[in-house]
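Please keep the sequence and the coordinates at hand while reading.

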Amino acid sequence: MTGRFPSPPSRDRVRPDVAVVGAGPIGLSIAWRCAARGLRVVVHDPAPGSGASAVAAGMLSPVAEAYFGERQLTGLLLASAERWPGFAAELTEVTGVDIGYRTEGTLMVGLTGDDLAEARRLWAYQQGLGLPVTPLRPSELRDREPALAPRVRGGALAPTDHQVDPRLLVPALRAAAQRAGAALVPQPVRRLSDVEARVTVVAAGCGAAALTGLPVRPVKGQILRLRAPDGVAPGFRHVIRGYADGEPVYLVPRVDGEVVLGATVEERADTTVTAGAVQRLLRAGVDLLPELAEYNLVEAVAGLRPGTPDNAPILGPLPGRPDVLVATGHHRHGIVLAPVTADLIAGLVLDGISDPLLGAFPADRFLGGRTPGGSPDRSTEGDQWS
């Protein structure tokens, strides 16, 4: 598909070439890519980085998050993860900011026999896709991470699943976009008609539903942040994802001593932290890594992921509005999908060419037999991981 948009106007015009609604990782990445290629860009957001990314753990996990029934999404995750090393290096070079990008890999574990059986079913599926998943015996797991509980029955290594710190990433993306010439407008957008630009990109997370009429719903996630005592680094290096007596959990170590422990997946739209969720997460985390019992609990917070009926993002033109592009509905994948989303949307803006990767994620896929805003399909496996 070519010729979707007119040629970019000259730089001396007041009207922006691109208006991005939303200053989370997706919106800022798009703004950076567009501005770096010479377009006049404005970003509308009254509180940049205050959405789902402020709560996210920052796992870049296309392998561990390859779930049954999501092959096309897995392909997009893999394509984006391949871009992350270059994306991270370029962002650090442009801004001088360390974004916490780490490449130790991810250990996937099962605490009990039942947990391990459930995990092995998923690993077999992932291996069937040709993904790098290496099963490990309990002794091999503890060779890599001695802090794991002796009760852990087995696991697997996903060496290409990495991590980044979203609370460092978003300020870096904002700085990169602004250095490339993008302007930030600290005001909300309540109607698309209020935006003046050649092309409008809606990257507003859960707020995209009200702006576009598309079925983007809030999916609540509660998460905890712990800190190792005495300011030392955590006693483990890998991201650890696992089941503990049927409770799915992940643990993400940071070099400054922080450990992110999460997360719930709730079909609710509030951001209240509940005692039950804190209890379940702590119990599962300590079951896998007993030393966490001695860590400081420094934060308990909840956020809202933007979900869609099929749990995949919406990328491309808004039906009936070729001047409006949508980049939302990334659910639990907003961090890992930032590089590929930015490249694909910037490509549409600049030359109107739709990359084949966009083919499975158009907005109009929800118009056949389902009206925008209709009841979501909550049956897709994999939602338990966040």
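Are Arg-254 and Asp-165 buried or exposed? In this predicted model, Arg-254 is buried, and Asp-165 is buried as well. The two residues form a salt bridge whose closest N and O atoms are 3.7 Å apart. This pair connects distant parts of the chain, 89 residues apart: Arg-254 lies in the loop between β12 (247-253) and β13 (258-262), and Asp-165 in the loop between β7 (162-163) and α5 (166-179). Both residues also belong to a network of salt bridges, which links Asp-165, Arg-167, Arg-225, Arg-227, Arg-254, Asp-256, Glu-258 and Glu-299.

The structure holds 25 salt bridges. Another of them joins Arg-33 to Asp-343, with 3.3 Å between the closest N and O atoms. Here, too, distant parts of the chain are linked, since Arg-33 belongs to helix α1 and Asp-343 to helix α8 (residues 338-351), 310 residues apart. Arg-33 counts as buried because its relative accessibility is 16%, whereas Asp-343 is partly exposed at 28%. A further salt bridge connects Glu-104 and Arg-102, the closest N and O atoms being 2.9 Å apart. Of these two, Glu-104 is partly exposed, with 29% relative accessibility, and Arg-102 is buried, with 13%.

Arg-33 has a second contact, as it lies over the face of Trp-32 at 4.5 Å from the ring centre. Trp-32 in turn is part of a cluster of ring pairs that also includes Trp-84, Phe-87 and Tyr-101. In the whole structure, four aromatic pairs are found. One of them consists of Trp-84 and Tyr-101, which are stacked with 6.1 Å from centre to centre and 15 degrees between the planes. Trp-84 lies in helix α2 and Tyr-101 in the loop between α2 and β4 (106-110), so this pair ties together parts that are 17 residues apart in sequence. Trp-84 is buried at a relative accessible area of 1%, while Tyr-101 is partly exposed at 23%.

Phe-68 and Tyr-125 also form an aromatic pair; their ring centres are 4.7 Å apart and their planes meet at 40 degrees, so the pair is tilted. Because Phe-68 lies in the loop between β3 (59-60) and α2 (71-95) and Tyr-125 in helix α3 (residues 113-128), the pair ties together parts 57 residues apart in sequence. Phe-68 is partly exposed, with 22% relative accessible area, and Tyr-125 is buried, with 14%.

Helix α1 (residues 25-36) lies across β1 (18-21), β2 (41-44), β9 and β16, and runs at about 170 degrees to β2. These strands belong to an open sheet of six strands with mixed pairing, in the order β8-β2-β1-β9-β16-β15. At its edges are β8 (183-185) and β15 (314-318), each of which pairs on one side only. On average, neighbouring strands of the sheet are turned by 20 degrees against each other, direction ignored.

How does the pairing run around β16? Strand β9 (residues 199-202) is parallel to β16 (residues 321-328) and is joined to it by three bridges; Val-201 has Leu-325 of β16 as its bridge partner. With β15, β16 pairs in the antiparallel sense over five bridges, and Ile-314 stands opposite Thr-328. The hairpin of β15 and β16 has two residues between the strands, and in it Gly-320 takes a positive phi near 80 degrees. Although β15 is an edge strand, four of its five residues are buried, so it is largely enclosed by the rest of the structure.

Terms used. Residues numbered from 1 in each chain as written. Predicted model: local features only at pLDDT ≥ 70, side-chain atom pairs only at ≥ 80, totals over all residues. Heavy atoms only, no water. Pairing = 2+ DSSP bridges. Axes fitted to C-alpha atoms, helices over the stretch in contact; angles between N-to-C directions. Contact = heavy atoms within 4.5 Å. Phe/Tyr/Trp six-rings, centres within 6.5 Å; stacked < 30°, edge-to-face > 60°. Buried < 20%, exposed > 50% of the residue type's maximum accessible area, 1.4 Å probe, protein only. Lys NZ or Arg CZ within 6 Å of the ring centre and 35° of its normal. Salt bridge = Lys/Arg side-chain N within 4 Å of Asp/Glu carboxyl O.
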